[in-house]
Amino acid sequence: MWRWLVIAIWAMAPATAQDFFTLKGHGGPIMDIAVAPDGQIATASFDNSVGLWADGVPVWLEGSRAAVNTVIHPSPGLIFAAGDDFVIRGRSMDDDALIEVGRHQAKVTDLALSPDGRFLASASWDATIGLWYGEPDGTGEVLSPRYRSEVLTGHKGGVNAVAVSRDASKLYSASADGSVRVWDLRKDGSSRPLVKHGFGVNELVLNEQDGWLAYGAVDGGTRLISLDTGEELADFTLDRRPILAMAYDPKQRQLAVGDGEGFIMVIDTAQMRISHDFRATERGPIWALAFSPDGQNIHAGGIEDIMYSWPVATMDRHGPMSGATRSFLEDPDTLPNGERQFKRKCSICHTLTGGSARKAGPSLHQLFGRRAGTVADYSYSEILTGSEIVWSAETINALFDEGPDHYIPGTKMPMQRIVKQSDRDDLIAYLRAATAQREN
């Protein structure tokens with residue numbers, strides 16, 4: 001039996017479909033959503049964790065050292081996840097610890113499990129696709145990274161999405177190089193381009209039953225093509241970009257598409273027409289989409305730390321994601337410059353109050369004079385364990401002048417700089433006041 005990623009959550013009840021609901025608890029944006037056949041929801045977040053939800057209550061799967069970009073939940077108790085720390089992980093039932101399944105040389109953007117369970121495919125910004133095969137035991141259902149792995153090369157840019165055919169003989173991939181390729185896994189792993197697009201391709205949906213592949217691109221392109229010929233079957237491109245999420249419901253034959261401007265478009269692929277076009281958020285993108293098993297609900301996530309679920313048939317009656325209570329969704333142009341810099345550069349990852357609150361970064365409360373790597377409720381990268389850095393106007397200035405990746409090589413902090421000295425000065429002044437005065 002498959003033991004790598006079996007989790008003792010069999011009694012957890014799935015969320016109720018066909019009604020509007022939210023799942024709250026993450027400390028950062030929702031990057032991906034996966035739904036098991038029984039309806040249980042898994043959410044991947046910028047807060048470095050995966051949430052498994054039962055009746056609105058999460059069980060947290062920790063261990064990632066950076067944002068989790070992708071999660072798959074192919075059966076109850078079975079989870080794969082990967083993200084910005086380059087590592088694909090699962091959970092062992094025996095010791096309840098995260099197990100490393102595989103590793104890339106850059107962040108992992110997508111995962112797909114072959115229908116026969118023999119291998120896991122991973123897409124990475126290192127321009128490769130990883131295949132992680134199981135140890136044969138007569139069933140073909142046991143994965144073990146100790147057995148065999150392969151690397152597929154051929155894309156000229158980061159790989160954003162992968163999909164595997166039902167018989168596991170073909171793999172489809174989408175890349176920032178503007179191509180969709182199909183790989184022959186039964187022979188030599190060779191590939192050929194199925195699509196050559198002028199902009200990067202972010203998303204794929206494979207539908208072998210109806211013989212098409214859907215893709216979404218940076219320029220807002222949403223197209224369906226023939227699996228046999230690559231011929232375009234339908235174009236649902238609207239004037240919104242980029243396409244950031246796709247999900248397919250085979251029962252209702254509907255395709256959902258999320259974009260950078262906060263819309264969810266639902267396509268009736270039987271009739272090849274748009275059935276719904278809904279503004280799901282007033283600010284920010286849609287990064288994650290998934291249907292409930294019966295196709296009645298669409299689950300969505302974006303820059304908020306909340307997953308929303310709407311009944312597809314009545315989604316426009318419930319209104320968009322609220323957004324108003326999240327500081328990083330406020331309009332920063334109406335704020336003093338120091339606070340504006342904080343909300344643009346810091347607020348998604350850090351709180352100003354005591355407690356790190358499941359954020360991707362530690363609390364900044366009482367920051368000045370504190371040694372780096374010493375907030376008790378936060379798991380730091382190894383580079384900050386025992387660090388000699390003490391946070392002050394000088395060290396904060398250097399952090400954003402050089403960029404975290406240069407000032408503290410190996411840190412989990414995202415690569416970013418504040419170029420203007422006046423902006424750094426204003427941020428430091430704001431932090432000095434805000435982190436000293438705020439309490440729990």
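Predicted model: local features only at pLDDT ≥ 70, side-chain atom pairs only at ≥ 80, totals over all residues.
Modeller: Residues are numbered from 1 along each chain as its sequence is written, and side-chain values use heavy atoms, with hydrogens and water left out.

Colleague: What makes C346 count as buried or exposed?

Modeller: Its relative accessible area is 5%, so C346 is buried (under 20% is buried, over 50% exposed, in between partly exposed, with a 1.4 Å probe and protein chains only). C349 has 10% relative accessibility and therefore counts as buried.

Colleague: How many aromatic pairs does the structure hold?

Modeller: The structure holds nine aromatic pairs. Rings of Phe, Tyr and Trp (its six-membered ring) pair if their centres lie within 6.5 Å; planes under 30 degrees apart are stacked, over 60 edge-to-face, and the rest tilted.

Colleague: Why is the pair of F342 and Y430 called tilted?

Modeller: The ring centres of F342 and Y430 are 5.6 Å apart and the planes stand at 45°, so the pair is tilted. F342 lies in helix α1 (residues 337-345) and Y430 in helix α4 (residues 421-437), so the pair ties together parts 88 residues apart in sequence. Helices here are DSSP runs (H or I, at least four residues; strands are E, at least two), numbered from the N terminus. Both F342 and Y430 are buried.

Colleague: Why is the pair of Y378 and Y380 called edge-to-face?

Modeller: For Y378 and Y380 the centres are 4.9 Å apart and the planes are at 85°, so the pair is edge-to-face. Both Y378 and Y380 are buried. Elsewhere, F20, F278, Y308 and W310 form one aromatic cluster.

Colleague: How do you know that the charged end of K107 sits over the ring of W125?

Modeller: The rule asks for NZ of Lys or CZ of Arg within 6 Å of the ring centre and within 35 degrees of the ring normal. The charged end of K107 is 3.8 Å from the centre of the W125 ring and sits over that ring. The charged end of R358 sits over the ring of W60, 3.7 Å from its centre.
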